[in-house]
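Please look at the sequence and the structure before reading on.

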Amino acid sequence: MELTKNTKDQVESVQIEGLVALKIVKHCHEEGPGEIAQGDLLGLLVDKTLEVTNCFPRPRNEDDEYDDENYQIDMMRKLREVNVDHFHVGWYQSTCLGSFLNRNFVESQFHYQRSIEESVVLVYDPLQTHQGMLSFKAYRLSQKMLDLYAGAEKNFTPEMLIKENVDFTNILEEVPVTIKTSNLVNTLICEIEETVQLPEKEEFLSLATGSYLEKNVHLLIEGADELCQDSQKLHNFQRNVARQQQQIDAYKQRRAQENDLRKQRGEQPLPDEDLNKLFRPLQPPQRLDNLLATAQIATCCDQLNDYAAQSFSKLFLAESIQKLAEA
């Protein structure tokens with residue numbers, strides 16, 4: 001998916017501490033496959049780099065009395081008491097094959113950016129990481145999307161989207177992400193590598209790609225079905241508008257003929273009536289779900305493209321190794 005870049009934004013890059021990345025990976029692993037893990041990011045803004053130095057998970061609490069906002073405030077207060085970075089800079093969420101674009105995601109990030117201008121959402125994909133591609137991506141809502149969403153649902157009409165030049169390519173802005181570790185941590189990692197016994201065989205050239213590709217194709221099929229249903233709704237709306245317009249034209253024609261007859265008889269013409277009262281205007285279908293579904297399909301296509309490129313590289317490398325072995 002092509003993402004827009006706004007040079008006026010305060011945040012141009014996101015730097016994550018290695019410990020934060022490990023905390024997020026551990027939290028997502030504990031939640032298990034298929035479950036969405038969420039948490040809050042803490043840190044500070046240095047120049048135009050958002051440094052994420054700490055994080056904490058959100059508990060999964062089904063109790064109606066549980067208040068997520070009070071929990072966040074209480075956690076940040078306790079972190080401040082032990083002299084740990086406690087400034088709120090965004091939130092994180094796990095995803096499966098990049099399927100995170102939905103109304104809840106957009107609404108949460110909208111409220112974060114309205115209250116904390118430099119906030120970002122960090123998306124982590126455990127399945128892509130398992131395939132050998134560490135997947136940490138930071139996103140922000142574009143300014144156009146923020147302005148549209150501030151007007152609630154009434155702004156997501158076909159006319160307004162065309163006027164504001166908003167489509168699935170400029171919903172989000174991706175911010176570059178880097179992971180930083182201190183020199184002491186790098187030294188510890190080197191010592192661990194020397195003491196830990198690694199397996200004799202590494203499957204770094206594994207050519208098994210069926211499961212990953214199959215899941216991505218299933219997501220594409222679901223997205224295409226959703227787009228077809230949404231297109232059918234839009235087609236029904238356009239057909240109903242055309243039918244109503246024909247009824248309005250026929251009514252105006254009958255009214256004009258009747259007024260002509262009254263004038264010939266020397267009578268006063270009928271007063272003009274409000275057509276909106278006689279023919280209720282049809283509400284156009286909201287296009288937010290369509291935008292999100294299209295953006296989700298574009299994300300799946302980009303992931304398939306990246307994974308296919310990596311798989312072809314493995315195939316060519318394996319072919320070369322086999323030729324050398326046979327020679």
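**Reading the cavity, the sheet and the rings**

Q: Into which classes do the residues lining the largest cavity divide?

A: The lining divides into three nonpolar, six polar and two charged residues. Here Ala, Val, Leu, Ile, Met, Phe, Trp, Tyr, Cys and Pro count as nonpolar, Asp, Glu, Lys and Arg as charged, and the others, including Gly, as polar. The model is a predicted one, in which local features need pLDDT of at least 70 and side-chain atom pairs pLDDT 80 or more, while totals for chains, interfaces and linings use all residues. Residues are numbered from 1 along each chain as its sequence is written, and side-chain values use heavy atoms, without hydrogens and water.

Q: How is a cavity found, and how many of 30 Å³ or more are there?

A: Rolling a probe the size of a water molecule over the atoms shows where empty space is left. A cavity is a set of points on a 1 Å grid over the protein atoms alone where a 1.4 Å probe fits but cannot get out; lining residues have an atom within 4 Å of a point. The search of the whole structure finds one cavity of 30 Å³ or more. The largest cavity holds about 80 Å³ of space, volume being the space filled by probe spheres set on the points. Among its lining residues are Phe 100, Lys 137, Tyr 139 and Thr 299. Strand S6 (136-141) and helix H10 (288-326) each give two or more residues to this lining; helices (H or I, at least four residues) and strands (E, at least two) are DSSP runs numbered from the N terminus.

Q: In what order do the strands of the sheet lie?

A: Strands of a sheet pair through backbone hydrogen bonds, either parallel or antiparallel. Two strands count as paired if DSSP finds at least two bridges between them. Eight strands form an open sheet here, in the order S7-S6-S5-S4-S2-S3-S1-S8, with mixed pairing. S7 (172-175) and S8 are the edge strands, each pairing on one side only. S1 (residues 13-17) pairs in the parallel sense with S3 (residues 49-57) over four bridges, and Ser 13 stands opposite Thr 49 in S3. By contrast, S5 (residues 120-124) and S6 run antiparallel, joined by four bridges, with Leu 122 opposite Ala 138 in S6.

Q: How many aromatic pairs does the structure hold?

A: A pair of aromatic rings is described by the distance of the centres and the angle of the planes. Rings of Phe, Tyr and Trp (its six-membered ring) pair if their centres lie within 6.5 Å; planes under 30 degrees apart count as stacked, over 60 as edge-to-face and the rest as tilted. The structure holds seven aromatic pairs. One of them, Trp 91 with Tyr 112, is stacked, at 6.0 Å centre to centre and 15° between the planes.

Conventions. On a 1 Å grid over the protein atoms alone, a cavity is a set of points where a 1.4 Å probe fits but cannot get out, and a pocket is an open set with protein on both sides within 12 Å along at least five of seven lines; lining residues have an atom within 4 Å of a point.
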